[in-house]
Every structure is written in structure tokens, then in C-alpha cells.
Amino acid sequence: MNRCAEAAAVAASGPGAGVGNAGLRPRIVPRQASFFPPPVRNPFVQRTRLGAARRIQIFFLGIILLPIRALLLALILLLAWPFAAISTACCPEKLTHPITGWKRKINQPVLKFLGRAMFFSMGFIVTVKGKIASPVEAPIFVVAPHSTFFDGIACVVAGLPSIVSRHENVQVPLIGRAFIPGVPVQPVLLRYPNKLDTVTWTWQGYTFIQLCVLTCCQPFTKVEVEFMPVQIPNDEEKSDPVLFASRVRNLMAEALRIPITDHTYEDCRLMISAGQLTLPMEAGLVEFTKISRKLKLDWDGIRKHLDEYAAIASSSKGGRIGIEEFAEYLKLPVSDVLRQLFALFDRNHDGSIDFREYVIGLAVLCNPANTEEIIQVAFKLFDVDEDGFITEEEFATILQASLGVPDLDVSGLFKEIAQGDSVSYEEFKSFALKHPEYAKIFTTYLDLQTCHVFSLPKEVQATPSVVSNKVSPESHEESTSDKKDD
């Protein structure tokens with residue numbers, strides 16, 4: 001199948017088919033499943049709405065329950081303190097092994113009882129499902145989802161096992177690396193099946209204090225702790241902890257009936273930055289870790305792209321880029337070539353480009369097209385008289401012809417590139433490297449022209465095209481052009 005046939009096939013099935021010259025499309029970039037948008041638009045926001053009746057109920061229950069539960073909680077913590085102090089006495093500041101011997105035998109049953117009493121005093125009713133594996137069967141427990149401040153209840157139910165964490169997270173003891181040892185693990189699921197969610201903490205929503213108060217003002221809070229069957233890694237998973245972790249995560253998500261995303265703390269930072277740029281906060285959520293690994297991008301690069309995106313989308317409603325904003329940013333009219341580029345960015349074909357699509361588009365479409373060779377070919381095309389400079393007239397002539405807009409005003413775009421009355425190759429190259437979108441427009445135009453040539457009769461295709469000999473000012477060799485021969 002030649003390129004023209006491929007373009008025709010895309011045109012027949014893609015958005016905008018049959019409109020103008022849209023039937024001649026360049027090859028569309030395959031949509032990798034790893035780049036599909038996450039199923040949850042913003043997992044860092046939890047909005048628990050309280051009606052008037054619910055507020056009144058919380059107020060009156062809080063008058064009675066909150067003081068009682070606060071006193072019980074303080075008493076239990078006071079009783080637990082000496083046992084915790086005995087457990088850690090004479091131990092190094094940074095523990096590398098679990099506490100064993102008489103300290104564990106004496107303190108573990110007491111602290112386990114006090115832990116259960118603490119959660120009971122706060123109104124938690126715990127239901128346990130499944131069978132707890134022995135340390136020999138599964139040396140490691142894996143608990144999910146960790147979305148509340150009360151998830152420690154799983155540790156109490158499991159018998160206060162030692163918490164596994166890497167050295168850097170010694171001050172954050174609930175972050176572990178359970179899959180690196182390559183040993184069997186037992187997944188543990190947490191559910192809070194309550195009509196009113198007063199436990200889930202996210203980046204935006206109720207604070208820790210507010211959640212504690214709301215939870216303590218409920219008559220009771222139901223919790224389900226389910227111990228799943230032990231998962232044993234195969235040989236491939238033992239050598240690849242990420243593969244093992246991914247399988248167990250998928251298994252747990254399926255059992256919980258919740259979606260999976262690859263959002264991380266960096267997405268929170270981007271979300272805050274998006275809000276500071278007057279964009280919807282969810283605009284910054286791109287699943288940073290996955291995108292940066294796939295596209296070889298760092299934090300500074302994606303943060304810079306967010307500034308660029310905000311500059312384009314600031315005039316649109318909803319913080320997304322439409323075809324008009326896209327054309328205005330590029331200082332070009334809405335044409336078939338521009339529609340082709342927009343369609344390549346618009347991965348879900350909803351008629352707009354979000355920040356995730358913008359980042360992927362630049363990395364997958366524009367940056368690979370913005371090579372030294374392409375820049376040289378583009379400069380040679382614009383430099384009609386081959387004097388090593390592009391005048392505004394030459395610039396306008398080529399753009400008007402390539403975009404099919406005879407009355408196109410290019411003065412604004414030309415002034416951005418030129419520092420004087422003409423554009424040198426270095427100026428042209430500098431602008432092209434800073435704005436890779438234009439490289440993709442140029443290659444899209446070349447693809448359309450190629451398809452047009454392939455669709456002509458063979459005798460027309462055989463007609464020699466005009467050959468230009470001056471690629472860039474870096475080539476100083478004298479040669480004779482076809483124009484001079486004429």
C-alpha cells in the first residue's frame with residue numbers, strides 16, 4: 001500500500017473526512033495504549049457534599065460523641081506510649097531489622113489490643129474477610145488502596161507486622177518496596193462501605209483535622225479488610241519487580257472494582273502550577289511518571305510545556321485548545337494542512353487538545369520532524385532566489401501556495417522570525433528549533449504533495465522537478481541553478 005492509499009484510508013475513517021482537501025492525509029501516528037488518557041480525570045480531588053439534614057445530624061451527634069471519643073483516644077495513646085518506648089529502647093535510630101525477642105512478645109499483644117481499642121473508640125466497625133497467611137507463606141503484606149489516614153487499621157488486624165520501607169523514606173513509614181525481594185506477598189484490600197465518605201483524603205478536599213472530626217461525629221464507620229490469596233512471583237517476575245507489582249496491582253484493582261492510574265506526586269505539582277496559570281487544575285494531570293519515561297522528558301521540560309500550553313489555551317473556555325486557538329498561536333489561517341496537524345494532536349478526536357495531548361504531540365509528532373535535514377529543506381524551499389536569505393515576499397509566496405490561502409497576511413509571523421528585512425538560515429533554524437509545530441506543518445504539506453504526485457498519471461510523475469542546489473548558508477560551494485541556466 002503506497003502512501004497515497006494510506007492517506008486515503010485515513011481520510012475515509014478519520015474525523016473531517018470528505019471536507020475540502022481533507023481526503024489527502026498523512027499517515028496517522030498509531031495510538032499506543034500506554035498513551036491513552038487515564039480513566040479518572042482527577043484522582044486528587046474528593047468532594048463530599050453535606051446536605052442541611054446531614055449537617056444538623058453531625059452537629060448534634062458531635063456534641064455528644066466528639067468529646068467522649070477524644071477522651072478515649074487520648075487515654076489509649078497515653079497507655080500505649082510506655083509500651084512503644086520499651087519496644088524502641090536501646091535500639092539504633094534507624095532500624096534495619098524487625099524487633100524480636102522478649103520486647104516483641106510482651107509489647108505486640110498489648111499494642112495490638114490497644115490499636116483495636118483505639119479504632120473502636122473512634123466508631124470503626126471492622127469486618128475481616130479471608131485468611132491471614134503465615135510469615136512462611138507470605139513474608140510481605142501489600143495493602144491497597146492507601147487513601148485515608150485510618151488505613152493503619154489493616155496493620156492492627158494483621159497483627160502489627162513490621163513496616164517495610166526504603167532508607168530514604170524512613171520518616172514516611174508507610175511507603176515500601178514490597179516487590180523487590182521477589183518473595184510471595186499477600187494482597188490486603190481495604191473498603192469503607194459507608195453512605196457518607198468521611199475518611200478519604202486527597203490533595204483538594206477536607207483536611208486531616210476535618211476528616212477526623214467528621215468521622216468521630218458519625219454513629220459508626222464500617223471498614224472491610226480482605227486478605228486475598230498469596231501471590232507467588234514466577235522466575236520472570238523475580239527478576240523484574242515492576243512486572244510482579246503490576247500483576248498484583250491489577251489483581252487488587254479488579255477485586256476492588258476501581259480503575260488504575262499512574263498519577264504521582266509530580267502530577268500534584270503540575271496540577272498546582274496549572275491553577276496558578278488560570279487553567280483548570282486537572283489540566284496539569286498527565287500521569288507524569290509514565291509520560292516522562294515513555295517520552296524521555298524531565299520535570300523542567302514538561303513544566304515548560306505547561307507554560308506554552310497556558311499561553312495558547314488562556315483565551316479558550318475550559319482550558320483546552322481548539323482549532324481557532326491553535327491557528328492563532330501559529331499565526332496561520334485554518335487550512336487543510338493545519339487541520340491535519342490538529343487532528344494528529346487531538347488523539348481522542350473530541351475537537352480539542354488537552355495538555356496531555358499537547359505534550360505527547362510535541363514529543364511524538366513535532367520534535368522528531370524538527371531535524372536539521374528538514375530545517376534545511378524548508379529553508380531551501382522558501383529561499384526562492386537562492387541568495388541565502390528569505391524575504392517577506394518569498395515567505396508569503398510559499399506559505400500562500402502551501403496553505404492554499406492567496407490573501408494570507410504573514411507579516412506577523414515573519415517579524416517573529418526576522419531581525420531585519422530578511423531571514424538568515426541561522427535565524428530560521430533558531431525559530432524552528434523553538435517552535436517544532438511548524439516542522440510538522442511543513443512535513444505534512446510535503447506528505448500531501450507526495451500523495452498528489454502519486455495520484456497523477458505516470459507521464460506527469462516522470463517530469464523532472466525543479467532542483468535547488470543551495471541548502472543553507474553552511475554550503476559555500478558555487479553551483480549553477482536551473483533558474484540561471486534558463
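This dialogue explains how to read several features of a predicted model.

Colleague: How many helices and strands are there in the protein?

Modeller: The protein, seen here as a predicted model, has 20 helices and 6 strands. Of its 486 residues, 41% count as buried. Among the contacts with a separation of 6 or more, 70% are accounted for by residues 24 or more positions apart.

Colleague: What span should helix 10 have, and how far apart are its end C-alpha atoms?

Modeller: The expected span of a helix is 1.5 Å times one less than its number of residues. Helix 10 covers residues 299-313, which makes 15 residues, so it should span 21 Å. Its end C-alpha atoms are 21 Å apart, in agreement with that value.

Colleague: Which residues in helix 10 are buried?

Modeller: A residue is called buried when its relative accessible area is under 20%. In helix 10 the buried residues are Trp-299, Gly-301, Ile-302, His-305, Leu-306, Tyr-309, Ala-310, Ile-312 and Ala-313. The charged end of Arg-269 sits over the ring of Trp-299, at 3.8 Å from the ring centre. Tyr-309 belongs to an aromatic cluster with Phe-326, Phe-342, Phe-345, Phe-355 and Tyr-358.

Colleague: Which strand is joined to strand 2, and do the two run parallel or antiparallel?

Modeller: Strand 2 is joined by 5 bridges to strand 3, residues 185-191, and the two run parallel. Within this pairing, Ile-140 stands opposite Val-185 of strand 3.

Colleague: Where is Ser-162 placed, and how far is Ser-162 from Phe-141 in space?

Modeller: Ser-162 is found in the loop between helix 4 (153-157) and strand 3. Its C-alpha atom is 9.8 Å from that of Phe-141, and the two residues are 21 residues apart in sequence. With a relative accessibility of 39%, Ser-162 counts as partly exposed.

Colleague: Is Asp-383 buried or exposed, and what does its side chain reach?

Modeller: Asp-383 lies in the loop between helix 14 (372-382) and strand 5 (389-391). It counts as buried because its relative accessibility is 2%. Its side chain reaches two backbone nitrogens: that of Gly-388 at 2.9 Å and that of Asp-387 at 3.3 Å. Apart from neighbours within four places in sequence, Asp-383 is in contact with Gly-388, Phe-389, Ile-390 and Glu-394.

Colleague: How many aromatic pairs are there, and why is the pair of Phe-379 and Tyr-425 edge-to-face?

Modeller: Rings are taken as a pair if their centres lie within 6.5 Å, and planes over 60 degrees apart count as edge-to-face. By this rule there are 16 aromatic pairs. Phe-119 and Phe-124 form one of them, edge-to-face, with 5.7 Å from centre to centre and 80° between the planes. Both Phe-119 and Phe-124 are buried. The rings of Phe-379 and Tyr-425 have centres 5.3 Å apart and planes at 90°, and therefore this pair is edge-to-face.

Colleague: What does the pair of Phe-379 and Tyr-425 tie together?

Modeller: Phe-379 lies in helix 14 and Tyr-425 in helix 17 (residues 425-434), so the pair ties together parts that are 46 residues apart in sequence. Phe-379 is buried, with a relative accessible area of 1%. Tyr-425 also counts as buried, at 1% relative accessibility.

Terms used:
Residues numbered from 1 in each chain as written. Heavy atoms only, no water. Helix = DSSP H or I, 4+ residues; strand = E, 2+ residues; numbered from the N terminus. Buried < 20%, exposed > 50% of the residue type's maximum accessible area, 1.4 Å probe, protein only. Polar contact = N/O pair within 3.5 Å; in protein donor to acceptor, adjacent residues only side chain to side chain. Contact = heavy atoms within 4.5 Å. Pairing = 2+ DSSP bridges. Phe/Tyr/Trp six-rings, centres within 6.5 Å; stacked < 30°, edge-to-face > 60°. Lys NZ or Arg CZ within 6 Å of the ring centre and 35° of its normal.
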